[in-house]
Amino acid sequence: IADGRLTAHFPVDVFQTGSATSTNTNANEVIANRASQLAGEPVGSRKPVHPNDDVNLGQSSNDIMPATLHVSVALQLHTRLVPALELLAAGLEKKSAEFSGIVKIGRTHLMDATPLTLGQEFSGYAAQARKSAARARRALAALGELAVGGTAVGTGLNTHRAFAGRVCRILNAETGLEFREADNHFEAQAARDDGVEVAGHLATIAVSLTKIANDIRLLGSGPRAGLAELRLPATQPGSSIMPGKVNPVMSEMLVQVCLYVQGLAQTVVMGGRDGHFELNATLPLIAHCLHEAVQCLANVARVVAEQCVAGLEADAARCRELVGRSLMLVTALTPHIGYDQAAAVAKEALATGRTLREIVLAKNLMDAATLDRALEPLGMTKLGGSERTAGSG
């Protein structure tokens, strides 16, 4: 069964009884029938192993299926999502280093702002990916308590007092993870709050990846009528009618996955909310949504790292052009001529088409040497940006 060779014997749908008793009973019967085959007994004979009396000994669907949910999702987080997010983070960090010497214009409110390097911008994306991996690990930790040992309602009726501890030790040895018996079995069976917490982490990861996806596709917009600071790798023909068009396919795919994951996470929240008394009766749906979300995020993070981030190129000339045209370099003049004078210079430059330098010198507001030092874009990307750093942006 563990090798997947009997998967065809598990036909029960996700949408079933809310305790997943159908799936639990399915497993009990397949195990018992396989034991009968190995013992030379006919399938269905319940000899020498009975699905209830033997396989289900000391257990109930109400404690085993929540435990199964925790173990299975934790394994997927550990083996798939965390490594995929770390791969994405490493790719973004590599690009951050590669782009460290390229000065570009910053943007706030979608409007020109002061300069930064493209490497600094990508360091923010890399940090988001690293934090996403950390959130996936926190989600894994949230699943550490297992409901096993509580049986029907949390009292542990018909189980051995040492059963839960032994199960946890075996699971820990086989998975390398850290599971433990629930501190309170009534909470562990009646509520799915741990799953809701995991959904929250997954939704946050989706938000982070959406930010990265949108920025990359906007920075790559063009190639002639957009920002065009990045050149995106072409993964497929972009148009059935416009030859040579390249679309931000990977970013668009990533955004759609993240929207889907956020919907799955909200479904988990609603399922967790609707538990009643000693059992939450939406467990199969919660399990399905968490597994689907983890699988989709893991797949998309790996594909984007390999098919998009690895092939990103910077257009250094375009970055220099936009920095040279920006009026927000005037911000560096504020410590020298004051906010009001700097604002007047920027407005005049916009209205006349003259450069900031020309206007400042014409008004005799600063000497040329000091002005040139202040307007050097690379200097503005350093921490503090100038000798006078008081004030805020």
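1. In this predicted model, the largest pocket holds about 1400 Å³ of space. Its lining is made up of 39 residues, and those closest to the centre of the pocket are A27, I64, M65, T68 and S72.

2. As to where the lining of the largest pocket comes from, α1 (21-38), α3 (61-98), α5 (163-175) and α9 (283-307) each contribute at least two residues, and the largest share, 8 residues, is that of α3. By class, the residues that line the largest pocket are 24 nonpolar, 13 polar and 2 charged.

3. Two of the helices that contribute to this lining, α3 and α9, also pack against each other, with their axes 8 Å apart and at an angle of about 10 degrees. Because angles under 35 degrees count as roughly parallel, α3 is described as roughly parallel to α9. The crossing in which α3 passes α9 is left-handed, and the contact of α3 with α9 comprises 21 nonpolar, 5 polar and 3 charged residues.

4. The structure holds 17 salt bridges, and one of them deserves a look on screen: R130 pairs with E93, the closest N and O atoms lying 2.9 Å apart. This pair links distant parts of the chain, with R130 in helix α4 (residues 118-142) and E93 in helix α3, 37 residues apart.

5. How many cavities of 30 Å³ or more does the structure hold? There are 3 cavities of 30 Å³ or more, and the largest cavity has a volume of about 50 Å³. The residues that line the largest cavity are L232, P233, T235, N247, P248, V249, M250, S251, Q307 and C308.

6. Within the lining of the largest cavity, helix α8 (residues 249-273) provides the largest share, with 3 residues. The residues of that lining divide into 6 nonpolar and 4 polar, with no charged residue among them, whereas the lining of the largest pocket includes 2 charged residues.

Key. Residues numbered from 1 in each chain as written. Predicted model: local features only at pLDDT ≥ 70, side-chain atom pairs only at ≥ 80, totals over all residues. Heavy atoms only, no water. 1 Å grid on protein atoms, 1.4 Å probe; cavity = no way out; pocket = protein on both sides within 12 Å on 5 of 7 lines; lining within 4 Å. Points joined across faces, edges and corners; volume = space filled by probe spheres on them. Helix = DSSP H or I, 4+ residues; strand = E, 2+ residues; numbered from the N terminus. Nonpolar A, V, L, I, M, F, W, Y, C, P; charged D, E, K, R; others polar. Axes fitted to C-alpha atoms, helices over the stretch in contact; angles between N-to-C directions. Parallel < 35°, antiparallel > 145°, perpendicular 65-115°, else oblique. Left-handed = near helix turned anticlockwise from the far one by under 90°. Salt bridge = Lys/Arg side-chain N within 4 Å of Asp/Glu carboxyl O.
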